[in-house]
Amino acid sequence: MRIAVTGKSGQIVTALRERGKAAGHEIVALGRPELNLVDPTSVFRALKEAAPDVIVSAAAYTFVDGAEQESTLAFAVNGEGPGAVARTAKVLDVPLIHISTDYVFDGKLDRPYVETDPVMPAGVYGASKLAGEQAVLVEHGSNSAVLRVAWVYSPFGSNFMKTMLRIANERDEVAVIADQIGNPTNAMDISDGILSVAKNLIARDDPALRGTFHMTASGEASWADFARGILAVSAAQGGPSARVKAIATADYPTQAVRPANSRLNCALIERLHGVALPDWRTSLEGMVIPLHSIFV
Ligand SMILES: NC(=O)c1ccc[n+]([C@@H]2O[C@H](COP(=O)([O-])OP(=O)(O)OC[C@H]3O[C@@H](n4cnc5c(N)ncnc54)[C@H](OP(=O)(O)O)[C@@H]3O)[C@@H](O)[C@H]2O)c1
């Protein structure tokens with residue numbers, strides 16, 4: 001497959017470049033300046049030139065706290081940008097996979113969310129991503145899959161895993177929130193899932209394969225559990241380690257409210273697309289942490 005993906009250096013873009021290439025696909029990563037999500041003309045031109053078999057919409061404004069202040073920018077990038085990508089996919093007559101988030105939910109349910117649960121973002125970032133989902137489904141719903149992912153980590157870009165390793169390199173103890181739970185998901189596994197969904201969308205003209213799906217690792221964790229897992233793997237590989245002190249959300253105020261329950265039920269994508277991502281602990285333990293890239 002020839003896959004055009006929005007964004008150049010993001011976690012999922014970079015992982016998709018690696019996993020896609022390893023699986024024999026051509027990955028064309030398109031980011032600023034040639035593709036800027038706030039400039040629909042650039043979106044159309046860059047994607048048309050790439051002549052893809054499928055488009056993956058992975059770029060986003062991902063600064064969750066910053067979005068509270070920069071809501072106009074967040075909505076332009078995360079809401080209108082994917083709309084422009086979807087219009088282009090429709091003109092080019094190719095399937096679109098759009099990446100969205102658990103933050104479309106407010107986290108008040110006491111079980112993992114299913115796709116049909118009512119959406120209710122708690123902050124601007126989640127609201128802007130919801131606007132993007134809706135734009136994609138309005139513009140190109142007949143040939144799009146919206147994949148909601150969560151708690152993404154990887155050796156690339158900024159993420160919780162790299163933050164924990166940096167802090168552990170400097171201190172003996174790290175304070176981590178223990179009353180928010182979710183599914184920590186490796187960007188490499190997300191990329192494998194995207195490749196499977198892309199193949200299905202190209203091969204089968206089946207409406208059941210289109211629409212909204214949850215796609216995270218299986219198994220759940222609090223941020224504190226996740227931190228303990230990361231630091232155990234790091235210690236086993238000769239990297240930094242630290243004690244994890246469990247704290248409450250109330251002890252760590254942030255600008256944006258985050259869901260207490262971010263867990264997503266992924267039964268639908270397993271049943272319809274045959275995609276089941278590994279358990280988060282298995283995936284984390286199988287990862288060689290590129291310590292050299294974390295401390296540069
Ligand atoms: N990270 C998570 O925990 C998480 C959780 C749930 C869902 N998601 C979703 O997963 C997707 C990928 O996330 P990620 O963690 O890989 O993101 P990331 O590492 O923050 O990367 C975001 C990418 O978007 C690009 N971008 C930002 N504004 C742009 C614009 N105006 N035009 C073109 N490109 C632009 C960035 O380009 P530059 O490199 O030029 O900055 C970067 O390549 C996003 O849709 C995000 O909402 C992420």
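Which element gives the most to the shell around the ligand? Strand E4 does, with three residues. The close-ups below come from a predicted model.

**View 1. The shell around the ligand.** The ligand has 25 residues around it, and Ser9, Ile12, Thr62, Tyr125 and Lys129 come nearest. By type, the shell divides into 13 nonpolar, eight polar and four charged residues.

View 2. Ala60 takes part through its backbone, where a polar atom is 3.1 Å from an oxygen atom of the ligand. On its own, the ligand has 910 Å² of accessible area, and the protein covers 82% of this. Helix H1 (11–22), strand E4 (96–101) and helix H4 (124–140) are the elements that give two or more residues to the shell.

**View 3. Helix H6, from cap to end.** H6 runs over residues 187–203. Asn186 caps its N-terminal end, with a side-chain oxygen 2.9 Å from the backbone nitrogen of Met188.

**View 4. The buried residues of helix H6.** Of the 17 residues of H6, 12 are buried, so the helix is largely enclosed by the rest of the structure. Buried here means under 20% relative accessible area. Among the buried residues are Met188, Ile190, Ile194, Leu195, Val197 and Leu201. Asp189, Ser191 and Asn200 are buried as well.

View 5. Most peptide bonds are trans. The bond from Arg32 to Pro33 is cis, with omega near 5 degrees. Pro33 sits in the loop between strand E2 (26–30) and helix H2 (40–50).

View 6. Most residues other than glycine have a negative phi. Ala51 has a positive phi, near 45 degrees. Its place is the loop between H2 and strand E3 (54–57). Trp151 is not a glycine either, yet its phi is positive, at about 45 degrees. Trp151 belongs to the loop between strand E5 (144–149) and strand E6 (152–153). Is Trp151 buried or exposed? Trp151 counts as buried, because its relative accessibility is 7%.

Conventions: Residues numbered from 1 in each chain as written. Predicted model: local features only at pLDDT ≥ 70, side-chain atom pairs only at ≥ 80, totals over all residues. Heavy atoms only, no water. Near = heavy atom within 4 Å. Polar contact = N/O pair within 3.5 Å; in protein donor to acceptor, adjacent residues only side chain to side chain. Areas by Shrake-Rupley, 256 points an atom, 1.4 Å probe, with all protein chains shown as cover. Helix = DSSP H or I, 4+ residues; strand = E, 2+ residues; numbered from the N terminus. Nonpolar A, V, L, I, M, F, W, Y, C, P; charged D, E, K, R; others polar. Expected span 1.5 Å × (residues − 1). Buried < 20%, exposed > 50% of the residue type's maximum accessible area, 1.4 Å probe, protein only.
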